[in-house]
Structures are given as C-alpha cells and as structure tokens.
Amino acid sequence: MRLFTKVFLLLLCTLLVTAALSQWLGEKWRTENKLIEARLAQMSDLAETAVRLYEDMGARHYQQSIHQELRQLHAFGMLTDREGRPVHRIGRPGEPPRPVPEFMHPLIEQARHQQQPVTMIEPPRLSIAIQIQGDRGEYIWAATTLLSPEEMRQSGSSMRLLQLFTALLTIAAVSALLTRMLTRPIRSLQATSERLGHGELSARVEAAVSERNDELGDLAQTIDQMADRLDQLINSHKQLLRDISHELRSPLARLQVALELARNTAGEQAETELDRIGLEADRLNDLIGEVLTLARFDQGGVHAALARIDLAQMIRDISCDATFEAEATGRRIETGELPECHFMADRIWLKRALENVIRNAIRHTPVDSSVEISLNVESAVASIHIRDHGHGVEEEKLAHLFEPFFRASAAREHDNSGYGLGLAIARRAIELHAGTITAGNHADGGLQVDITLPLVSA
C-alpha cells in the first residue's frame with residue numbers, strides 16, 4: 001500500500017472516530033442536561049400548586065397534597081413568605097413550622113431579589129427557589145432533591161471525565177500510530193544519510209524500510225543505489241590512482257638510470273641542469289610513494305604492528321632530527337616538558353605521522369620563529385600539541401586540512417616542498433591507533449595540531 005493511501009486512510013479514520021466520539025459525548029451531555037432540567041421543572045411546577053392549595057384549601061389540605069407530590073419526586077419543599085419565613089413545613093399534619101434548612105438560605109435570599117427562578121446544581125443535590133405572587137401576597141417556593149446513585153453514574157462529573165479520557169485516548173492512539181509510521185523510517189533514512197555523509201560508504205538503509213512498498217521504500221532504495229554508485233566511483237578512483245602510481249614507477253626508474261648515464265657522458269657541462277632533473281625525479285618518486293601509501297590505507301592494507309614504545313623519547317628523537325631541517329632555514333624546534341609515557345603502538349606509522357605534522361609546521365612557521373611541541377598524559381590518554389607561528393588557516397577550511405591534495409590558502413603555499421598528502425597520511429596513521437587528530441587556529445596566532453592517543457598497555 002502506498003504511503004499516500006496509508007496516510008489518507010489513517011487521517012480519514014481519525015476524523016471519523018473524532019466525529020463519532022464528539023457525537024456520542026454531545027448526546028450524553030444533552031441526555032444529562034435533560035435529566036437535570038426535567039427534575040428541576042417538576043419541582044418548579046409545584047410552586048403554583050402549593051400557593052393555590054395553601055390559599056384555597058388551607059394548611060392541612062396543602063400539607064397532605066404537596067407532601068404526596070414531593071414524595072413521588074423524592075424531593076423536599078417548603079413555602080415561605082416574602083421575608084423567607086416558612087408558612088408551614090411539609091411534614092406530619094399538625095407539626096409547627098420549622099426553620100429553613102441552612103443550605104437553602106442563600107437560595108431563598110437570591111430568589112427574594114430576582115424575578116426569575118434560581119437554581120442550584122451541586123450533584124447529587126438539585127435545588128430551586130421561585131418567587132410567586134398569590135391572591136393574599138407574595139411567596140417563595142423552595143424545593144430540593146437528591147439524584148439517585150444510578151442517575152449520578154449517568155450524569156456525574158467523573159463519568160464525563162472518563163468519557164472525555166476515552167475519546168482523547170482513542171485519538172492519541174491513532175495519532176501515535178500515524179506518527180510512528182512516518183517517523184521511524186524517516187529516522188532510519190536520516191541515520192543512513194549521516195553515515196554516508198561521514199564517508200561510511202558501506203552504510204545502507206535497513207531492510208525493514210527499503211522493502212516497504214510505498215514512497216519511503218522507494219526513497220530508501222534510491223539512497224542505497226546512490227551509495228552503491230558512490231562506492232563504485234570512489235573505489236574506481238582509488239584504483240585508477242594506484243594503477244597510475246604503479247605505472248609511473250617503471251618510467252621513473254628508467255629516467256633515473258638515463259640521468260646517471262647522462263651525468264657520465266656530459267660531465268660538468270650540464271651538471272646544473274641534470275641536478276635539477278634529478279631533484280624533480282626524486283620529488284616525483286616521493287609523491288608516487290605517498291600516493292601508494294594513501295591507497296594502502298584506504299583499501300585497508302595497512303595493519304598496526306604493535307610494540308611497546310616510549311612516546312616521550314620518540315618525540316625527542318623526531319625533534320632532534322627536525323632541528324637540522326629547521327635551523328637550515330632559520331627556524332627552531334622547542335619542546336616542553338615531556339612526561340614519561342609507554343604504551344603499545346606501531347613505531348613506524350606513529351613516527352611517520354608525527355614527522356609529517358612537524359615538517360608541515362616547519363614549512364609554514366616564519367623565519368626566526370619556532371615550532372612548539374608539548375605532551376600531556378592524563379586518564380590513559382596522551383595528547384600531543386604541535387603549533388607553528390604562521391598565518392593560520394581560515395576557519396571554514398580547517399576541517400579539510402587532512403584531505404588528500406588539499407591546499408589551505410595562498411599564504412601557506414609559498415613553499416612547494418609538500419604535496420598535500422602528509423597530513424592525510426598522518427590522519428590515517430593516527431586513526432590506525434584509534435586516536436584523533438584535529439587542527440585549529442591558536443589564540444595567539446598560528447596553527448595548532450592536536451593529536452590524542454589512547455594508551456594501550458602491554
């Protein structure tokens with residue numbers, strides 16, 4: 001069944017149920033009102049009868065007749081003068097008038113000042129007071145009755161609340177069913193889209209959604225097809241890059257052999273030109289090596305060979321080697337206090353990641369400035385901070401620094417010694433150790449790269 005049909009039918013059912021419940025509640029309300037109005041009307045109708053009997057037939061006949069009428073209604077009533085004093089209590093013949101009950105005082109007082117009947121509805125009690133004109137003067141007829149338990153069950157507020165609760169519960173159940181039918185597959189589609197957006201190209205929509213025979217199922221299948229196509233394109237791109245890199249190795253090797261032969265033949269006549277060719281050939285060889293390394297990471301061909309290492313000593317060794325490169329260009333390497341830190345890691349790949357980040361910082365820190373390296377160890381996590389004093393990177397480009405071949409800005413491209421692959425390889429090497437690597441602009445200027453590594457014990 002299509003989603004349009006499901007939503008249409010559910011909404012139609014909801015409206016029909018709501019209309020039916022509204023009609024039912026309305027009928028119940030009208031029935032309850034009719035019951036109360038009928039009881040009040042019966043007590044009101046006795047007002048003129050009581051006055052006529054009292055004035056025409058006397059107190060005794062009035063007492064007997066009205067008492068019988070009230071007993072049939074299960075009611076109590078009394079006739080008072082204009083001031084609210086009882087002329088005669090309805091009860092046994094010969095009894096003297098008794099005071100007006102306390103609960104009827106407000107009702108009689110209100111009737112004295114109004115020209116229309118006054119009612120008081122306080123279930124189970126119903127009361128009425130009417131000012132009426134007789135031949136001998138003005139009177140006030142007051143009567144009250146109690147609803148029976150059966151009548152209370154039909155007209156009580158608790159019953160109305162139960163009816164309203166039942167109606168709301170029914171509507172809520174239908175609404176919840178409609179909401180769940182729509183939101184659950186949408187959440188699944190959203191989760192799959194987010195995973196794809198984070199580069200997890202193996203993510204697919206769960207079968208319960210993709211196998212639906214409606215518009216959401218069609219959308220899920222489209223997303224899966226898109227993911228398959230993206231996966232194929234990216235894998236083809238990676239395969240092409242790896243194949244080209246492999247193919248370039250052979251002519252490059254022949255180029256280097258021919259270059260040595262040319263050196264022997266030309267001697268010193270073309271030494272400068274041949275040195276330049278050799279330099280560019282070495283750079284090309286390095287670039288091919290980094291592309292192949294990146295391809296190995298992307299295809300899962302790199303696995304960590306864990307061994308116990310001293311992280312602080314590794315940083316000292318890398319800093320010592322990098323100092324020669326930095327000092328040659330008028331820059332410095334500064335390391336803070338390095339606490340002792342031993343854990344299990346792949347020495348080769350971790351060292352390469354740190355070297356790539358530090359060399360990148362050396363290239364982009366100004367002359368006569370330094371690259372600062374620090375290490376913190378806390379809660380089984382090692383944090384390495386590497387900061388240069390360059391121009392930094394635009395905030396919107398920070399997230400792309402670790403992508404292959406990415407160039408941050410013209411200010412950081414003044415040195416063509418890099419290929420845009422060092423930080424990409426560093427990120428993959430850090431992730432190989434279940435760590436994270438991020439970059440941000442330091443508050444005092446320059447770019448700071450933060451590396452966190454979980455300390456895996458032996």
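Of the 458 residues in the chain, buried residues make up 38%; buried means under 20% relative accessible area, exposed over 50%, and partly exposed in between, with a 1.4 Å probe and protein chains only. What you have open is a predicted model, in which local features need pLDDT of at least 70, side-chain atom pairs count only at pLDDT 80 or more, and totals for chains, interfaces and linings use all residues. Residues are numbered from 1 along each chain as its sequence is written, and side-chain values use heavy atoms, with hydrogens and water left out.

**Start with the whole chain.** Colour by pLDDT, the predictor's confidence in each residue, from 0 to 100. The chain has a mean of 80, and 87% of its residues reach 70 or more. Now select residues 411-416, where the pLDDT is below 50; this stretch has 12 contacts in the model beyond near neighbours in sequence. Contact here means heavy atoms within 4.5 Å.

Switch to a cartoon view, and you can look for 11 helices and 12 strands. These are DSSP runs numbered from the N terminus: helices are H or I with at least four residues, strands are E with at least two. Among contacts between residues at least 6 apart in sequence, 64% join residues at least 24 apart.

**Next, select helix H3, residues 105-112.** Show the side chains of arginine 112 and glutamate 109, which meet in a salt bridge (3.1 Å, N to O). That term stands for a side-chain nitrogen of Lys or Arg within 4 Å of a carboxyl oxygen of Asp or Glu. The two residues are 3 apart in H3, so about one helical turn separates them. Arginine 112 is buried, at 18% relative accessibility, while glutamate 109 is partly exposed at 37%. The whole structure holds 14 salt bridges.

**Move on to arginine 184.** Its partner in a salt bridge is glutamate 206, with the closest N and O atoms 3.8 Å apart. Arginine 184 sits in helix H5 (residues 157-197) and glutamate 206 in the loop between H5 and helix H6 (207-210), so this pair ties together parts 22 residues apart in sequence. Arginine 184 is partly exposed at 34%, and glutamate 206 is partly exposed at 35%.

**Now select helix H11, residues 422-432**. Is this helix enclosed or open? It is largely enclosed by the rest of the structure, because 8 of its 11 residues are buried. Among them are Gly422, Leu423, Ala424 and Arg428. To see what covers the buried residues, show helix H8 (271-298), H10, strand E11 (436-441) and strand E12 (447-454), which are included in the cover.

Being 4 residues apart in H11, they are separated by about one helical turn. Arginine 427 is partly exposed at 25%, as is glutamate 431 at 46%.

The axes of H10 and H11 come within 8 Å and cross at roughly 145°. Axes are lines fitted to C-alpha atoms, for helices over the stretch in contact, with angles from 0 to 180 degrees between N-to-C directions. Where do the two helices meet? Residues including Trp349, Leu350 and Arg352 in H10 meet residues including Leu423, Ile425 and Ala426 in H11.
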